[in-house]
Amino acid sequence: MENTDWKNLPFGYIKSDYNVRCYYRNGEWGELEISSKEHIDIHIAATCLHYGQQAFEGMKAFMGKDGKIRLFRWQDNAKRMNRSAEGIFMAPVPEELFKEAVVKTVLLNRRFSPPYGTGAALYIRPLLLGTGAQVGVKPANEYMFMVFVTPVGPYFKEGFNPVKIAIIKDSDRAAPLGTGNIKVGGNYAASLRGIMRATDAGYVSPMYLDARIKKYVDEIGAANFFGIKNNTYITPKSESILPSITNKSVMTLARDIGMNVECRPVAVEELESFEEAGACGTAAIITPIGEIHDLETGKTINYCKDGKPGAISEKIYNRLLSIQFGDEEDKFDWIEIIG
Ligand code: PLP
Ligand code: COI
């Protein structure tokens with residue numbers, strides 16, 4: 001794409017050339033269809049419209065120095081989409097169909113893939129919708145699976161620079177036995193109140209606490225939380241957060257550089273003991289946290305006192321990116337070159 005300022009891409013929607021679609025009817029998936037339209041035609045009583053019967057994924061394709069496009073851990077996204085589907089009684093998407101749809105969409109839109117060295121990537125959005133008509137609250141009998149792509153920069157405009165986070169306690173993103181651990185749209189609707197509260201107060205994102213007693217850290221908007229101290233990478237264990245594929249990868253990288261890794265409940269009082277803190281996710285990549293402010297108590301915790309990301313966060317960030325962009329050997333078998 002000529003005249004694109006790849007280095008300063010926001011995390012937003014840019015129209016690409018094609019998307020792919022597939023329909024589930026009479027108990028089976030049909031053939032993948034390629035479309036150049038940005039709109040879909042949908043029944044007025046579709047369950048996704050009324051009862052939130054929908055799930056999505058977020059993944060990225062990276063262009064290496066060799067001009068080849070790499071997918072990162074696509075199998076994990078395929079599996080998570082099916083956990084989401086199972087969680088709200090939707091038809092699962094066979095892994096091979098998921099892969100075919102993703103690969104086709106990425107390759108058909110090759111000209112939108114940000115060039116190597118710009119730090120940007122091609123964001124991939126697989127989407128599963130309940131399209132069958134129901135008026136009673138029950139699962140649809142027809143589904144649509146689609147994939148579109150859009151080139152993106154980092155989720156937070158700060159990029160790899162410390163951001164400010166607000167602890168909010170007057171709304172919850174997810175209930176302990178609800179749908180917080182799967183990637184369904186309803187969670188994001190529920191998170192808007194916290195996001196608006198945090199951003200209105202001048203913070204980039206909310207930190208959600210456990211909904212039951214508001215004592216433990218859940219996650220940071222659309223990213224998992226981590227803290228680092230005493231050569232240990234610590235990340236919350238909670239039944240109401242999304243198991244992040246980025247976080248799982250970072251845990252592997254932390255172990256690989258000789259750190260201990262703990263996945264356990266993290267109490268709010270522990271936050272001030274961390275030497276570094278951050279948020280991680282496909283969109284957020286690794287975002288260092290410079291400040292956590294409790295909007296209720298007024299208490300503030302500062303990290304990165306010199307305004308720079310912590311040394312360990314930086315090391316892990318560089319490592320993750322060099323694997324994703326193909327600069328470093330893929331020793332964990334996370335990358336698939338697709339063309
Ligand atoms: N938590 C939430 C609520 C998210 O939406 C995301 C994004 O997918 C993440 C965490 C990070 O997960 P991943 O690293 O798999 O993108
Ligand atoms: C991702 O990291 O891929 C996400 O899905 C975040 C998104 C909701 C903005």
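T105 touches Y18, N19, V20, V147, F148 and V149, leaving out residues up to four places away in sequence; contact here means heavy atoms within 4.5 Å. This is a predicted model, where local features need pLDDT of at least 70, side-chain atom pairs count only at pLDDT 80 or more, and totals for chains, interfaces and linings use all residues. Residues are numbered from 1 along each chain as its sequence is written, chains are lettered from A and ligands numbered from 1 in the order in which they are written, and side-chain values use heavy atoms, with hydrogens and water left out.

Is T105 buried or exposed? T105 is buried, at a relative accessible area of 0%. Buried means under 20% relative accessible area, exposed means over 50%, and partly exposed is in between, with a 1.4 Å probe and protein chains only. T105 sits in helix α3; helices are DSSP runs of H or I with at least four residues, numbered from the N terminus. The T105 side chain also reaches the backbone oxygen of A101, at 2.5 Å.

Helix α3 covers residues 95-108, and L108 belongs to it. L108 is partly exposed, with 31% relative accessible area. Together with Y18 and I34, L108 makes a nonpolar surface patch of about 240 Å². A patch takes residues with over 30% relative accessible area and no salt bridge, and joins nonpolar side chains (Val, Leu, Ile, Met, Phe, Trp, Tyr) within 5 Å, or like charges within 9 Å. A salt bridge is a side-chain nitrogen of Lys or Arg within 4 Å of a carboxyl oxygen of Asp or Glu.

Next, the ligand. Which side chains put a polar atom by an oxygen atom of ligand 2? Y123 has one at 2.7 Å from a ligand 2 oxygen, and K183 has one at 2.6 Å. From the backbone, a polar atom of A283 is 2.8 Å from an oxygen of ligand 2. Taken alone, ligand 2 exposes 280 Å², and the protein buries 89% of that; areas are Shrake-Rupley values with a 1.4 Å probe, and for residues only the protein chains shown count as cover.

Last, R197. R197 lies in helix α4, residues 185-200, and is partly exposed at 37% relative accessibility. Setting aside neighbours within four places in sequence, R197 is in contact with I168, D170 and L295. R197 and D170 are 27 residues apart along the chain, with their C-alpha atoms separated by 9.4 Å.

Methods. Helices (H or I, at least four residues) and strands (E, at least two) are DSSP runs, numbered from the N terminus. A polar contact is a pair of N or O atoms within 3.5 Å; within protein, one must be able to donate a hydrogen and the other to accept it, and residues adjacent in sequence count only if both atoms are side-chain atoms.
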